[in-house]
Amino acid sequence: FSISTYNKMWTDAQKDLDIQLRREREEFLQPEKDRVKVFKMLAISYIKYIQIFRNLEMSHDQLVHQQKRTVIRQVLDGVIGRILEMKKEMVELENSEFHYIDNILEDLKLLPVDTEVPIPRYFIKENLEVLQQREKVLDQILLNAGLQTQKPVKAMTFEEAIKIIQVAERARQGRCRAAFMKRIYLEEKKDRQTKLQVQMGPSPDDAATCIQKVWHGYIQRKKTEKMREEEMIFLGMNLPSHLKAMSISQMRAGQVNTMQGEGQARHEEVFIKDKLKETEGFNIKETLQDQISQCFIECRHIIGKFPDYPAEGVGGSMAILSQKTPEQVAAELDAKKEMALHKKAQKEKKGKEEGKEKVKGKKTQKTGKKEEEEGWKMAPSNFLSIMEEGNSQYKAVWQNRDEGWDFLQDHDPELIKEEKREEVEEEIRVQVDELMQQKLENLKLAVDGEKSDKRKKGRKSEKVRAAMMSLAHRTIDSLYRELVEEGLLIKAKTVNLSDYVGEYSYLGTTLRQVDIEPMPSLADVRQLIALYGILPLGSQTVHEKAPVVKALLLAGPAGVGKKMLVHAICTETGANLFDLSASNIAGKYPGKNGLQMMLHMILKVAKHLQPSVVWIGDTEKIFSKAVLKAEEEMNPKRLEKILPKFLKALKAQDRVLLVGTTRRPFDANLKPFCKVYQKIILIPRPDYASRFGKYFKRFLLWKHIILQNGGAITNLLNISCLAKVSDGFTQGHIVQAVQAVLSELRLLQMTRKPLRTAEFMTSLARQDPVYKEEEETFK
């Protein structure tokens, strides 16, 4: 049943993608002047792609069939990249990172939860063994270095110990005496009652009245509790009983997911590849050698000399064995040599062209006006070809395929053979290239008396290697260990992005219509973190081709969850976390050379063990206008000039993200500050909708934190009241208030003394909220 369900989900996603690709070819190629119409068109496509993304991700995660998952993965990466391209266009069109599309959702009959960007589970699943091994190594290094965080044991004086023992003993004696007096009182009461019953005799009417009172009270309480529960369910403030308990079907689904995970882990293609090598490897090797030898002889007869063997970067023997004549092959090899000379000539012309830039600048202004007159046009995409290729592959192989014979749905051996045959040929070709290259040199030496000039090139490369930096000879393991011991590479907390609880803003479009810019909601922040931080770091294909953000700034008042989001990025992608906060690097690697060496080490480890996140806490101190006297020893500005060079060293293939967090961005020099951080995300305090939402399916902030800390929700605890009273307080304030109330003793008392609203209000009142003036400064 599950296989057919996820197959259907994949089929539906491919149909929607086919329609969307047709729309792309028809609508986005035409220029459009109306910006409102353009944004609506982009927003609808963005929503459609997210729905396709959700279905593809679910089917990729749940299907066991290896070839199907490979095809889905290709399309999935293409869809993720296209979503990021759409987001870039929407940001440039509106000049805002946050978009309010509630009116479009209403037209499409969708809920905000349907547009939530999912986190692909293969980010972690495919690298689970590596991540688990890395975590063990990190724990061991921290343990050996004595850096493992443990609760400090406070020494106690002899007098304090005696005082604690005396207090405990007096309390014990008091409890014993109270229990003894209670027992005496109950015995005396029982004696008095028996004497009265002997004197007066039992009364049946009194007994019946007593029983009736107890029974009517019990029945009425049950009815009232049931009515209140039904009302709370109707209002969406409580879960229905059938949703609270995990049903048998859900448990069965969990078991099926486990079995599917085990099925996905089977690598049958390795066995098929080895078998192909055994059966067909010798024939492939002989055929390649004969073809290359024949090509050498033909070239010698026609041109008069043996050709140069193509380098591995050009394709090796593939360049010789392409369907071309020997003259064409030799001509192409000569043309590549001439291209190098032609490039030198072009560099000389650049100086003359720079003098004509001013004249060209005027022309570009005119063309800019023409573009404005023509209207908006979609920028070219790097992912449409990937999606179209995956779509055509689906139509050719999987759309009308009869799978009735494949009961297990784990793999198709014939398809694996076709894929692995190419890999086997490529591996054998590399081996043949080495043999035939040596054979060609021997032939040249024997027939023409020529010698290879590769030794000279080898000497040049040795000089280049000798000029490399001093750290090049060190292993990644030793650099990793040093960074951990110095406290620059830290262990990320296990926090998922879904733990950052917050509701969607339902009044965004309405406020913008009356020229009021709404504050972003926590759901909007969660979306941006997924788009700019998690999706590019998780997929190599997306990172190389999509519009990627190298540096991201999270700005907001204390306690809104900035550090939590940094740890969530690491958890969802399995990234290493480097801490370059000014307070953390103070006194480490002093001087300019020491700083360069530190960043070089971090860059080397981050690139080799990617994905990686480099975090700078209180990043405004690096770009501060004036350093406080108390912070002069810390020297927070030492990273200011070197950070742009650090970002410049990151290439498209390097999945490394710089994340800064700040609670006072207005203290920094804005020009260098904004030059380093490409994207700045404002994280506000939670509004009422985030503290108390409408949908009971979503964990609310108060409820989530209380349950997370071991509390129990009862009818005596009014969460709606808490959400209203906590206006102006951040998530950090709420967490502190809950943790202050839910001590170990209070958790033990909860069964006989349920939680009440007043307990949390008292704890919350001791903290300072975020005032409007500070919020306006952030705006």
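Guide: Axes are lines fitted to C-alpha atoms, for helices over the stretch in contact, and angles run from 0 to 180 degrees between N-to-C directions. The model is predicted, so local features need pLDDT of at least 70 and side-chain atom pairs pLDDT 80 or more, while totals for chains, interfaces and linings use all residues. Residues are numbered from 1 along each chain as its sequence is written, and side-chain values use heavy atoms, without hydrogens and water.

Visitor: How are α30 and α32 oriented to each other?

Guide: Helix α30 (residues 731-741) and helix α32 (residues 757-765), both DSSP runs of H or I with at least four residues, pack with their axes 9 Å apart and at an angle of about 125 degrees. Angles under 35 degrees count as roughly parallel, over 145 as roughly antiparallel, 65 to 115 as roughly perpendicular and the rest as oblique. The relation of α30 and α32 is therefore oblique.

Visitor: Which residue pairs with W10, and is W10 buried or exposed?

Guide: W10 in helix α1 (residues 2-27) has its partner in helix α15 (residues 384-398), 384 residues apart. Their rings, 5.1 Å centre to centre with 65 degrees between the planes, are edge-to-face (centres within 6.5 Å, planes over 60 degrees apart). W10 has a relative accessible area of 3%, and under 20% means buried.

Visitor: Which residues do ring pairs link into a cluster?

Guide: A search of the whole structure finds 5 aromatic pairs. The cluster linked by ring pairs consists of F623, F673 and Y677.

Key: Helices (H or I, at least four residues) and strands (E, at least two) are DSSP runs, numbered from the N terminus. Rings of Phe, Tyr and Trp (its six-membered ring) pair if their centres lie within 6.5 Å; planes under 30 degrees apart count as stacked, over 60 as edge-to-face and the rest as tilted. Buried means under 20% relative accessible area, exposed over 50%, partly exposed in between (1.4 Å probe, protein chains only).
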